[in-house]
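Have the chain open while you read.

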Amino acid sequence: MLALNIPVRVYCLSVACALLLGCSATGVPPEDEEPEPSLRALAAERGLWIGAAASAGRLAAGGPYAAVLATEYNSVTPENALKFGPLRPSLESFAWSEADVLVDFALANGMGIRGHTLVWHAQNPLWLTEPNWTRAQLLGILENHIKTVVGRYKGRITAWDVVNEAVADDGSLRPSIWLDGIGPEYIERSFRWAREADPDALLFYNDYGAEGAGVKSDAVYALVQDLIAKEVPIDGVGLQMHVSTEWSPAEADVAVNMARLAEVGLRVHVTEMDVRMPLPAGASLLSVQAQIYGSMLETCLAASSCASFTLWGVGDADSWIPSHFPGYGAALIFDAAYEPKPAYSRMREVLQGGS
Ligand code: XIL
């Protein structure tokens, strides 16, 4: 059993209210007591977007998922639905339904939406990766993809991860269908096409392992500086923050990185945080996890540039970790039954200004 720091009764009241009232952020206080404010309500007071990655399948499956998502978060990132592979069954077609469900859900519940992601080396369809396209053909495919997808959600998706994980761990540009077929210019072209399609959307470069200090963080910084020098329309850097109870970046290094990005005029979003641990999850690792979530949230709140903090899933049953990191899991702040874990309480404390 996972430890609970929050009275379940209070939590259930707010979920029930959300279900009854179309997902109010705070629920209705019972006559004799104030409910504990949700993460969403606390984040709103701090001017922070607090988000979770979500899937249309989980929403359709029922259970507490939808109510927890809309009660505790004010931002949604489609976890897979907007990626090239899921969205493009063929060169001619777009499969919008799952992304539309998530966008409609977010708007109906007064939530922001982070679009993830337009250009990536992974989750691409075979019809794209198998043929030997010419450079001109690939440029055409990418331009059409970006303009169609960003254009469809113009005015609704507020921030896009335009380019995802273009930098390899050694700081070089990562080989991909885009780098190999187009050259490094695919990055700046993508940002320009996205800006043309929706001039008001915030455009991000997003990556993992670039949160704190190190070769990769420096390479990402150099890349975005270069884009700025070329007057490429980029608004920010997404720090994914997939970390573990065994390793997470030093708070001071993340603060320095956020500050240097702010100095060149960029925003920072924490875009995909989870804190995996070796299973089975015990009380001491849950407490380490809570401390890591809390310290990264504190660092974001203290940075003028950091306005959004998204977790990569709602509850532990939804997380990508067990299938991608065998033996690890329990990476989110709600457990597999959507009950809050110690990390949830810690995040609430941090949002309330506690130390
Ligand atoms: C992951 C999803 O969570 C999984 O469901 C999918 O099988 C693989 O991709 N970095 C990213 C995300 O930018 O898109 C990835 O999401 C996790 C790592």
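## Terms and basis

On a 1 Å grid over the protein atoms alone, a pocket is an open set of points where a 1.4 Å probe fits, with protein on both sides within 12 Å along at least five of seven lines; lining residues have an atom within 4 Å of a point. Grid points are joined across faces, edges and corners, and a volume is the space filled by probe spheres set on them.

The model is predicted: local features need pLDDT of at least 70, side-chain atom pairs count only at pLDDT 80 or more, and totals for chains, interfaces and linings use all residues. Residues are numbered from 1 along each chain as its sequence is written, and side-chain values use heavy atoms, without hydrogens or water.

## The largest pocket

The largest pocket has a volume of about 460 Å³. Its lining counts 24 residues, and Glu165, Gln240, His242, Glu272 and Trp320 are the closest to the centre.

Strand 7 (242–244) and strand 8 (267–278) each supply at least two lining residues (strands are DSSP runs of E, at least two residues, numbered from the N terminus). Strand 7 gives the most, with three.

## The ligand

The ligand takes up the space of the largest pocket (more than half of its atoms lie within 2 Å of the grid points). Around the ligand are 14 residues; Glu79, Lys83, His116, Glu272 and Trp312 come nearest (a heavy atom within 4 Å counts as near).

A polar side-chain atom of glutamate 79 lies 2.4 Å from a ligand oxygen. For glutamine 123, the distance to a ligand oxygen is 3.2 Å, again from a polar side-chain atom. Both are polar contacts (N or O pairs within 3.5 Å).

Conventions. Polar contact = N/O pair within 3.5 Å; in protein donor to acceptor, adjacent residues only side chain to side chain. Helix = DSSP H or I, 4+ residues; strand = E, 2+ residues; numbered from the N terminus.
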